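Q: I am new to this structure and would like to go through it with you. Could we look at it together?

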Amino acid sequence: MATTNQFLASMARLSLSAPSRPCTSPAITSIPRFLLPLPGHASSQSRFASGAPRAGGVKKKDEKKKKTHKSYRSYDLSDQEQFSLCDAIRYARAFEVGHPPNVVKYDIAVKLRTVKNGPMVRNRIRLPHPVKTDIRVGVICPEDSPIAVEARQLGAVAVGEESLFASIREGKMPFNRLICHADSEAALKKANLGKILGPRGMMPSQKMKTITGNVRNTMRELVGADEYRERAGVVRMAVGQLGFTPQMLADNIKAMMKHVKNDIAALEDEIDKKIEEVVLHSTNGPGFSLDSTFKPTDDKITPEHLMGPM
């Protein structure tokens, strides 16, 4: 058994022996030895300013790339509640109590099953019962020409070329529809107004038939006509006012759906599109998925009950 002197001698030798990892900095001499990293081993928490691992360091794990979908998301509608047109009108009218009837409108949203970045559905339609009655047409045509005189007689609110271009650049646009005569197409391109008119949907184009050689026929077609365009796989358009009867709303919806189906059929050679869902909603109310039927499900309610004032 070791004596007390032998024990004290061994402790003295340990205190006089040099440390295995000399520390010259006075800040870390006070750190206990068991907290210091072992000699020959790098710290497991290596950090680098640039984010890239140094030579011999720990490699950064490759981040998983987010999966991108080529088509817009589709949903299973088998368990979703759907409504007849009269039921949807009944519930929508309940949400619009207290709102001005001449301001509230019914909108249709047609959800398409389609791919992203493909050809879009876009056209113009004249509904059986016009929704918008405040159509104001501007005509781009040679100044003081017989075409300009005819356009003013037909009710155009703005007519001309350079004077009309200057008004557009200043933000003075009293019109919400704009057409261009074929003789002024070169002047329109030279004016470079696409950044101003494009976001408003008023840039004349051959595709939308707003660059024309017959101003009279085009103006007659525009008055009472509405435009629709596919955005993010959905076609939206106003199809009625709150004061419309259910039959008037049904006529407009049927006309619009027939038009959209014809547009889809015209694109079959380029892309495959299908109608997935049709939703009716009012200005301040939620959307109601339609089931293609008309009559109310409640026997005590008839379409005539939805024709009077709220």
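Q: Which residues of H7 are buried?
A: In this predicted model, where local features need pLDDT of at least 70, side-chain atom pairs count only at pLDDT 80 or more, and totals for chains, interfaces and linings use all residues, the buried residues of H7 are Val215, Thr218, Met219 and Leu222. Buried means under 20% relative accessible area, exposed over 50%, and partly exposed in between, with a 1.4 Å probe and protein chains only. Residues are numbered from 1 along each chain as its sequence is written, and side-chain values use heavy atoms, with hydrogens and water left out.

Q: Where do they sit around the axis of H7?
A: They cover an arc of only 100° around the axis, so they are on the same side of H7. The arc is that of the directions from the helix axis to the C-beta atoms.

Q: Why would residues three or four places apart point the same way?
A: An α-helix has 3.6 residues a turn, so residues at that spacing point the same way.

Q: What covers the buried residues of H7?
A: The cover includes S2, S3, H3, S5, S6 and S7. Contact means heavy atoms within 4.5 Å. Helices (H or I, at least four residues) and strands (E, at least two) are DSSP runs, numbered from the N terminus.

Q: Which strands does H7 lie across?
A: H7, residues 215-222, lies across S3, S5 and S6 and runs at about 165° to S5. Axes are lines fitted to C-alpha atoms, for helices over the stretch in contact, and angles run from 0 to 180 degrees between N-to-C directions.

Q: What is the strand order in the open sheet of four strands?
A: The order is S4-S3-S5-S6, and the pairing is parallel. At the edges are S4 (158-160) and S6 (211-212), each of which pairs on one side only. Two strands pair if DSSP finds at least two bridges between them.

Q: How many bridges join S3 and S5?
A: S3 (residues 137-140) and S5 (residues 177-181) pair over four bridges in the parallel sense. Within S5, isoleucine 179 is the residue opposite valine 139.

Q: And H4, which strands does that lie across?
A: H4, residues 162-169, lies across S3, S4 and S5, at about 130° to S4. Its buried residues are Leu164, Phe165, Ser167 and Ile168. Seen down the axis of H4, these fall within an arc of 160°, so they line one face of the helix. Their cover includes S3, S4, S5, H5 (185-191) and H6 (194-197).

Q: What follows H4?
A: Glycine 171 follows H4, and its phi is positive, near 85°.

Q: Is serine 184 buried or exposed?
A: Serine 184 counts as buried, at 0% relative accessibility. It lies in the loop between S5 and H5. Setting aside residues up to four places away in sequence, serine 184 touches Ile140, Cys141, Pro142 and Glu161.

Q: Where is valine 157?
A: Valine 157 is in the loop between H3 (146-153) and S4. With a relative accessible area of 38%, valine 157 is partly exposed. Apart from neighbours within four places in sequence, its contacts are Arg136, Val137, Pro174 and Phe175.

Q: Which residue is the bridge partner of arginine 229?
A: Arginine 236, in S8, is the bridge partner of arginine 229. S7 (residues 225-231) and S8 (residues 234-241) pair in the antiparallel sense over three bridges.

Q: How many helices and strands does the chain have?
A: The chain has eight helices and 10 strands. Of its 310 residues, 35% are buried.
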